[in-house]
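Please read this briefing alongside the sequence and the three-dimensional view. The points below are grouped by topic.

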Amino acid sequence: MAKTNIDIKNITKENLKILIDKKSIENRVASIANQINEIYVEKNPIILCVLNGAFIFYADLVRHLNIDFEVDFIKLSSYGSSMESSGTIRMIKDVSANIAGRDVIIVEDIIDTGLTINYLRKRMIDGQSKSVSFVTCLLKDRKKYHFDFKIDCIGFKIPDKFVIGYGLDLDQRFRGLKNIYTIK
């Protein structure tokens with residue numbers, strides 16, 4: 001993402017432009033849930049939410065599931081208070097469940113550079129999970145990612161712009177917005 005001169009403390013709702021509306025999000029979440037229901041019949045996966053950004057997408061997604069599953073949470077940081085990834089992944093809260101021999105579905109809010117999912121995949125493999133799959137609400141359109149594996153379910157492919165709303169934040173602000181926005 002290009003460097004920006006935007007003063008993040010002065011951004012208000014008036015500075016935002018809808019990129020993906022609430023209805024489109026709801027329809028896509030239901031569709032992704034149907035895919036998971038078909039793939040994981042009788043498998044009881046652990047569905048891992050990457051905090052904090054994915055929590056709204058995750059909650060909406062699991063409410064649509066009609067399979068047996070377990071929930072767990074992991075918290076990583078790569079952005080801090082910036083609009084750009086620092087390039088360094090910090091583990092803040094690790095998974096609590098024993099993932100050995102289990103199917104793990106990792107639910108992400110957004111895949112930007114891919115550093116986080118690459119880190120997570122390695123963490124799950126090191127924990128001897130049976131399988132690891134990724135579900136992301138958003139995938140930024142980039143020429144180069146820092147991973148070389150398939151993303152199993154993608155909600156929306158978006159331009160390489162900073163986005164907020166529907167769980168995604170700007171310095172912990174705007175998570176509760178029902179649409180996904182770009183900054184004007």
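Leaving out residues up to four places away in sequence, I36 touches L61, L65, I67, I105 and V135 in this predicted model. I36 is also, together with V135 and L138, one of the residues with the most contacts inside the largest nonpolar core, a set of 30 residues. In soluble globular proteins, nonpolar side chains tend to be buried together.

**Nonpolar cores**

- Another core lies apart from the largest one and has 19 residues, including L48, I99, V104 and F134.

**Overall build**

- The protein has 3 helices and 9 strands, and from the N terminus on these elements follow the order β-α-β-α-β-β-β-α-β-β-β-β.
- The radius of gyration is 16 Å, which agrees with the value near 16 Å that a compact globule of 184 residues would have.
- Taken along the principal axes, the box filled by the C-alpha atoms is roughly 50 × 35 × 30 Å.
- Of the 184 residues, 47% are buried, and among contacts between residues at least 6 apart in sequence, 69% join residues that are at least 24 apart.

**The three-stranded open sheet**

- An open sheet is formed by 3 strands in the order β1-β9-β8, and the pairing is antiparallel.
- Because β1 (16-20) and β8 (163-164) each have a single partner strand, they stand at the edges of this sheet, and one side of each is left without a neighbour in it.
- β8 is joined by 2 bridges to the antiparallel strand β9, which covers residues 180-183, and I164 stands opposite Y181 in β9.

**R175, in the loop between β8 and β9**

- R175 lies in the loop that runs between β8 and β9, and with a relative accessible area of 11%, under the 20% limit, this arginine counts as buried.
- The side chains of R175 and Q172 are joined by a polar contact of 3.1 Å.
- When neighbours within four places in sequence are left aside, R175 is in contact with N52, G53, F55 and I56, and also with G165, Y166, G167, L168 and D169.

**F147, in the loop between β6 and β7**

- F147 lies in the loop between β6 and β7 and is likewise buried, with a relative accessible area of 16%.
- Leaving aside neighbours within four places in sequence, the residues in contact with F147 are I111, T113, G114, I117 and N118.
- From C-alpha to C-alpha, F147 and R175 are 27 Å apart in space, while in sequence they are 28 residues apart.

**Cysteines**

- The structure holds 0 disulfides.
- C49 counts as buried, at 0% relative accessibility.
- For C153, the closest cysteine sulfur also belongs to C137 and lies 12 Å away, so this pair is too far apart for a bond.
- C153 is buried as well, with a relative accessible area of 4%.

Methods
Residues are numbered from 1 along each chain as its sequence is written. This is a predicted model: local features need pLDDT of at least 70, side-chain atom pairs count only at pLDDT 80 or more; totals for chains, interfaces and linings use all residues. Side-chain values use heavy atoms; hydrogens and water are left out. Two strands pair if DSSP finds at least two bridges between them. Helices (H or I, at least four residues) and strands (E, at least two) are DSSP runs, numbered from the N terminus. A disulfide is a pair of cysteine sulfur atoms within 2.5 Å. Buried means under 20% relative accessible area, exposed over 50%, partly exposed in between (1.4 Å probe, protein chains only). A polar contact is a pair of N or O atoms within 3.5 Å; within protein, one must be able to donate a hydrogen and the other to accept it, and residues adjacent in sequence count only if both atoms are side-chain atoms. Contact means heavy atoms within 4.5 Å. A nonpolar core is a set of buried Ala, Val, Leu, Ile, Met, Phe, Trp, Tyr and Cys residues joined through side-chain atoms within 4.5 Å. The radius of gyration is taken over C-alpha atoms; the globule rule is 2.2 Å times the number of residues to the power 0.38.
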